[in-house]
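Take a moment with the sequence and the model before reading on.

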Amino acid sequence: MAKQKSDDPEVKPFKGPAGGWGSLRSVAEILPRERVSPEVIRELARQNKPEGFACVSCAWPKPADHHPAEFCEEGAKATAWELTSRRTTPAFFEEHTLSELRSWRDYDLEQHGRLTHPLRYDSATDKYVACSWQDAFAEIGDRLRPLDPKSVVFYSSGRMSLEASYMYGLMARMYGNQNLPDSSNMCHESTSVGLKAAIGVPVGTTQLADFEQCDAIFFFGHNVGSNAPRMLHDLRSCRKRGVEIITFNPLKERGLERFTDPQNPFEMATLRETAISTQYHQVKAGGDIAAMMGIAKFLVEWNDTAVANGENPVLDLDFIKAHTSGFGEFVGVVRAAEWVDIERESGLAKAEIEQAARVYATSKAVMAIYGMGLTQHVKGVENVRMVVNLLLLRGNIGRPGTGPTPVRGHSNVQGQRTVGITEKTELVPVDKLEEQYGFTAPREKGLDTVEACRGVIDGSVKAFVAVGGNFLRAVPETAAMEEAWPRLDLSVQVATKLNRNHLFPGKVTYLLPCLGRIEQDVQASGPQAVSVEDSTSCIHGSRGKAKPASEFLLSEPAIVAGIAKQILPPNPKADWDAWVADYALIRDAIEETYPLIFKDYNQRLFTPGGFWKGNKAAERIWQTPSRKAEFLAPSGLSATGFADEQGRYRLMTLRSNDQFNTTIYGYHDRFRGVKGTRDILFMHAADIAAAGLREGQIVALESDAGDGKLRRRDGLIVTPYAIPRGCLGAYYPECNVLMPVEHHAEESHVPAAKSVPVRIAA
């Protein structure tokens with residue numbers, strides 16, 4: 001396939017709702033482009049259904065009472081993308097060197113189709129050549145065994161099943177390290193750190209049923225229309241029964257404005273829409289702490305007045321006394337906060353914040369939904385803690401219809417953490433693993449994503465094994481990472497399609513193709529099923545039935561086992577071959593390691609709606625050192641980690657409507673009106689004028705991190721947009737080149753991609 005060209009770039013405001021006919025047209029467009037067979041229609045009917053397969057896109061829950069079509073526009077694209085009839089065979093690599101392919105766009109690389117054979121990089125020709133699985137596993141083992149285990153990284157994508165994730169984490173620890181960074185390190189680790197410290201659990205406390213019992217939802221930093229569109233059905237139902245939805249987000253995202261249900265014939269026929277947000281506040285990037293501080297300030301002041309007048313308190317003082325710690329210090333900071341500072345840092349007027357606070361003060365059950373617009377800041381953990389502070393003020397955790405609801409990205413990124421994909425010893429029952437498998441597990445903290453990047457750049461990381469993902473494209477410090485990657489002694493990439501990471505080989509490099517989740521996985525005991533965990537901590541079975549893209553593909557568990565048998569001594573307690581033959585045995589092992597979470601795992605695997613793993617904070621049992629929920633006074637009102645200066649902007653990296661993480665499905669960001677290009681710089685019209693620029697002008701961005709390193713992204717088209725002044729928007733991952741590896745969230749090390757300091761250059 002020749003490299004595809006972009007359409008002529010076009011930016012034209014989109015006037016329609018989320019969902020509706022635009023969604024159907026988008027799905028109808030991608031199916032012929034991926035040259036899918038009629039089989040894909042059958043698979044779409046099974047998507048997110050009991051006994052079906054779990055969507056390979058987002059982690060939004062799969063309801064027991066499902067819709068006739070339980071998939072969204074993005075989910076349908078993900079299914080078509082995986083079931084494409086296009087193929088990238090060894091013949092393709094006979095025609096193209098990796099040097100040439102590095103000039104291709106991300107879209108063109110993945111659009112060429114599914115990988116069909118295991119491949120080894122040949123440095124003499126700069127090409128991949130086909131190899132056998134046996135030879136691949138043997139050489140990978142030969143390269144890994146002599147290395148210091150601490151110099152090897154085992155990365156995984158959030159699409160990896162619970163079964164494969166458990167095997168992968170166990171393999172790494174038996175090998176001798178906990179260098180297990182994953183997608184969570186790049187997005188919601190701020191949630192894991194912040195919630196664990198505040199309420200004793202690293203995940204949200206809500207379930208789908210809470211949407212039926214809340215009377216208000218506070219929404220922060222998430223583009224539901226592009227990143228979790230199935231949630232729109234739950235939000236629509238809430239609005240139909242009068243739930244207030246108060247949104248804080250820098251950009252006006254269409255999914256949070258209005259929605260037409262594609263599965264409602266009346267709405268489709270009449271073009272009727274449901275307004276989603278009842279209030280929409282365009283907070284500055286990094287200004288959420290200030291906005292929430294303003295709400296808290298109103299609540300505290302109203303409570304003071306009510307108590308003084310002998311009226312019912314605004315705050316839940318009984319809950320605060322019985323269940324929380326740190327309230328006094330937090331309230332002291334709230335009282336000291338000045339409105340001039342709150343307005344400056346939030347970008348909102350006092351009256352706007354008061355409007356939101358009045359809804360919160362009069363609502364009986366409030367959920368707080370948030371995404372990476374909170375977690376990907378230098379003060380991302382404080383953002384999460386501030387959400388908890390707000391909820392604790394009125395006892396909005398541990399009751400029906402209440403609680404924090406972080407929206408995860410990849411379909412099993414939360415589940416991977418549950419079964420041991422983590423660099424942190426305290427999150428894994430290592431004593432149990434040692435007893436179960438008869439080995440001595442490492443206790444020192446392993447490398448997270450930021451630390452792995454440092455290690456690749458400074459040379460202390462010698463080998464990198466990745467199951468899924470597009471690590472080089474997803475991480476910050478793009479130029480330095482691409483320059484350093486070829487110095488690795490070994491790079492192993494397990495994937496379904498070709499991506500940019502695969503074009504930067506190490507000294508020895510293998511590209512290993514795996515089965516997709518939607519494809520039938522037949523092992524010695526017969527067809528297999530796997531499982532995933534959704535954003536609400538429910539575990540779901542997933543069974544693929546589509547014909548595999550190639551007879552030479554192996555499953556993720558089989559690939560993990562193939563590597564494990566080469567790098568680990570024989571251990572009768574870890575029978576890798578038996579596990580691959582029958583995944584139910586892996587689930588038995590998981591249940592033995594985590595008996596409270598996975599009791600009767602195999603029996604409950606296909607429970608409609610999934611089975612809940614439980615959540616102590618939802619029961620108001622606080623597994624914190626104080627045995628209470630913890631208020632935290634923030635260190636300041638801005639989450640950016642840098643000061644505003646003349647000419648310095650806050651850059652937010654964004655995903656388009658035609659994208660899931662680093663996977664680009666096309667060049668049409670329908671909701672933002674952009675077509676044919678991703679080289680866009682969204683700016684406030686007044687900022688364009690103040691900078692002496694004009695609409696359509698081509699400019700560059702340069703990093704303003706103050707470390708003396710030049711990081712530059714050229715060729716961006718100045719585009720006026722409804723965005724707060726002083727803020728810019730541009731697409732991810734293309735603008736990761738502007739982000740220093742050290743620009744990350746404190747404590748959690750999540751790359752701070754939602755507020756990157758930049759300047760505009762000619």
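Which residues touch the most other members of the largest nonpolar core? They are L144, F154, Y166, Y168, M171, Y437 and W576, in a core of 63 residues. Keep in mind that this is a predicted model. Helix α8, residues 162–175, gives this core its largest share, 10 residues. Now pick out Y166. Leaving aside neighbours within four places in sequence, Y166 is in contact with V419, L433, Q436, Y437, W579, I586, A589, I590, T593 and Y594. Another core lies apart from the largest one. That other core has 56 residues, including A337, M386, V387 and A617.

Turn next to a sheet. Five strands form an open sheet in the order β12-β9-β8-β14-β15. Their pairing is parallel. Which strands sit at the edges? They are β12 (279–281) and β15 (403–406), and each pairs on one side only. On average, neighbouring strands of this sheet are turned by 15° against each other, direction ignored. Look at one pair inside the order. Strand β8 covers residues 216–220 and strand β14 covers residues 366–370. The two pair in the parallel sense over 5 bridges. F220 stands opposite Y370 in β14. A helix also meets this sheet. Helix α10, residues 189–199, lies across β14 and β15. Helix α10 runs at about 165° to β15.

How many salt bridges does the structure hold? The count is 58. One of them joins R417 to E189, with the closest N and O atoms 2.4 Å apart. This pair links distant parts of the chain. R417 belongs to helix α21 (residues 413–418), E189 belongs to helix α10, and 228 residues separate them. Both R417 and E189 are buried.

Compare a pair within one helix. R46 and E43 form a salt bridge, and their closest N and O atoms are 2.7 Å apart. Why are R46 and E43 separated by about one helical turn? The reason is that they are 3 residues apart in helix α2, residues 39–46. Is R46 buried or exposed? R46 counts as buried because its relative accessibility is 12%, and the cut-off for buried is under 20%. E43 has 0% relative accessibility, so E43 counts as buried too.

K507 counts as exposed because its relative accessibility is 57%. D489, at 25%, counts as partly exposed. Salt bridges can also join into a network, as in K284, D341, R344, E345, D644 and R650.

End at a loop. R672 is placed between β28 (668–669) and β29 (674–675). Is R672 buried or exposed? Its relative accessibility is 5%, so R672 counts as buried. The side chains of R672 and D669 are joined by a polar contact of 2.9 Å. What else is R672 in contact with, leaving aside its neighbours within four places in sequence? The residues are N223, L251, E253, L654, R655, S656, F682, Y721 and Y731.

Key. Residues are numbered from 1 along each chain as its sequence is written. This is a predicted model: local features need pLDDT of at least 70, side-chain atom pairs count only at pLDDT 80 or more; totals for chains, interfaces and linings use all residues. Side-chain values use heavy atoms; hydrogens and water are left out. Two strands pair if DSSP finds at least two bridges between them. Helices (H or I, at least four residues) and strands (E, at least two) are DSSP runs, numbered from the N terminus. Axes are lines fitted to C-alpha atoms, for helices over the stretch in contact, and angles run from 0 to 180 degrees between N-to-C directions. Contact means heavy atoms within 4.5 Å. A salt bridge is a side-chain nitrogen of Lys or Arg within 4 Å of a carboxyl oxygen of Asp or Glu. Buried means under 20% relative accessible area, exposed over 50%, partly exposed in between (1.4 Å probe, protein chains only). A nonpolar core is a set of buried Ala, Val, Leu, Ile, Met, Phe, Trp, Tyr and Cys residues joined through side-chain atoms within 4.5 Å. A polar contact is a pair of N or O atoms within 3.5 Å; within protein, one must be able to donate a hydrogen and the other to accept it, and residues adjacent in sequence count only if both atoms are side-chain atoms.
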